Amino acid sequence: MSSAAIKDVTKALQQLLLSQLQPVSSTAQVSLLPPGDALPTGLGVNLYLYRIMESAFTRNQAWPGDRTTAPSSNPALGLDLYYLLTPFAPAVDPSTANGDDAHTMLGAAMLAFHENPILNQTHIKGFDADTALTPALLNSYEQVKIRLTTTSLEELSKIWATINQPYRLSVAYEVSLVELTPTPPPPVNGAVVLSTGLSIIAWTPPLLDSLSPAIGALA
């Protein structure tokens with residue numbers, strides 16, 4: 001994977017969620033805003049990358065390469081990405097008993113991740129990994145897996161408290177393994193030949209012009 005792997009994975013997750021939310025509501029949105037920003041109006045979910053950790057599994061292993069790149073003796077930077085999934089919807093009218101549409105959005109988003117836990121193997125209506133993912137993600141031997149993390153209410157509350165915002169219903173997901181591959185060494189090419197050190201001298205065929213001593217049949 002290239003240095004853009006984090007961006008590419010986030011974009012793919014956004015597209016996957018959007019493909020599964022829009023059949024529920026044609027106006028559904030998937031935003032990527034920090035939780036402290038004002039979320040969009042309407043229906044949808046917000047997917048926010050709030051934490052990145054180095055994976056211990058690839059820290060000291062030589063990178064095995066991918067389907068188009070030769071292996072390297074240097075290790076790749078393996079990363080685990082942590083996302084906060086927060087639903088949003090118009091404020092509930094307390095005079096009605098219609099329920100909260102944000103819960104519907106959250107359920108649809110969680111079901112999308114639950115039914116498609118391996119991003120590279122997802123081929124559904126609205127999201128085909130073969131076309132949605134970048135070549136770097138498709139060529140990697142590592143699969144991008146989505147897992148719901150066990151996060152306590154205290155941990156979630158700390159995230160919201162850090163940005164000085166009231167807590168909102170959220171769930172956390174871990175996405176791994178995302179690799180930033182080592183930079184390949186520059187190619188070693190032969191120098192351009194500007195001149196050669198070859199000298200060509202024309203030689204005449206040998207001729208017999210004398211004998212010493214001048215005796216014998218030839219003499």
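A: Leu-39 has a relative accessible area of 17%, so Leu-39 is buried. Buried means under 20% relative accessible area, exposed means over 50%, and partly exposed is in between, with a 1.4 Å probe and protein chains only. This is a predicted model, in which local features need pLDDT of at least 70, side-chain atom pairs count only at pLDDT 80 or more, and totals for chains, interfaces and linings use all residues. Residues are numbered from 1 along each chain as its sequence is written, and side-chain values use heavy atoms, with hydrogens and water left out.

Q: Where does Leu-39 lie, and with which residues is Leu-39 in contact?
A: Leu-39 lies in the loop between β1 (29-31) and β2 (44-54). Helices (H or I, at least four residues) and strands (E, at least two) are DSSP runs, numbered from the N terminus. Contact means heavy atoms within 4.5 Å. Leaving aside neighbours within four places in sequence, Leu-39 is in contact with Leu-33, Asn-46, Thr-86, Phe-88 and Arg-168. Leu-39 and Thr-86 are 47 residues apart in sequence, and their C-alpha atoms are 9.6 Å apart in space.

Q: What makes Arg-147 and Glu-174 a salt bridge?
A: A salt bridge is a side-chain nitrogen of Lys or Arg within 4 Å of a carboxyl oxygen of Asp or Glu. The closest N and O atoms of Arg-147 and Glu-174 are 2.3 Å apart, and the two form a salt bridge. This pair links distant parts of the chain, with Arg-147 in strand β6 (residues 145-148) and Glu-174 in strand β7 (residues 171-180), 27 residues apart. Arg-147 has a relative accessible area of 47% and is therefore partly exposed, while Glu-174, at 11%, counts as buried.

Q: How many salt bridges are there by this rule?
A: The count comes to three. One of them joins Glu-54 and Arg-59, with the closest N and O atoms 3.6 Å apart. Glu-54 is partly exposed at 37% relative accessibility, and Arg-59 is partly exposed at 42%. In another, the side chains of Glu-154 and Lys-158 meet at 3.8 Å, N to O. Glu-154 and Lys-158 both lie in helix α5 (residues 153-162), four residues apart, about one turn of the helix. Glu-154 has a relative accessible area of 55%, so this residue is exposed.

Q: How do you know which kind of aromatic pair Phe-113 and Tyr-173 form?
A: Rings of Phe, Tyr and Trp (its six-membered ring) pair if their centres lie within 6.5 Å; planes under 30 degrees apart count as stacked, over 60 as edge-to-face and the rest as tilted. A search of the whole structure finds one aromatic pair. The ring centres of Phe-113 and Tyr-173 are 4.9 Å apart and the planes are at 70°, so the pair is edge-to-face. Phe-113 is in helix α2 (residues 101-115) and Tyr-173 in strand β7, 60 residues apart. Both Phe-113 and Tyr-173 are buried.
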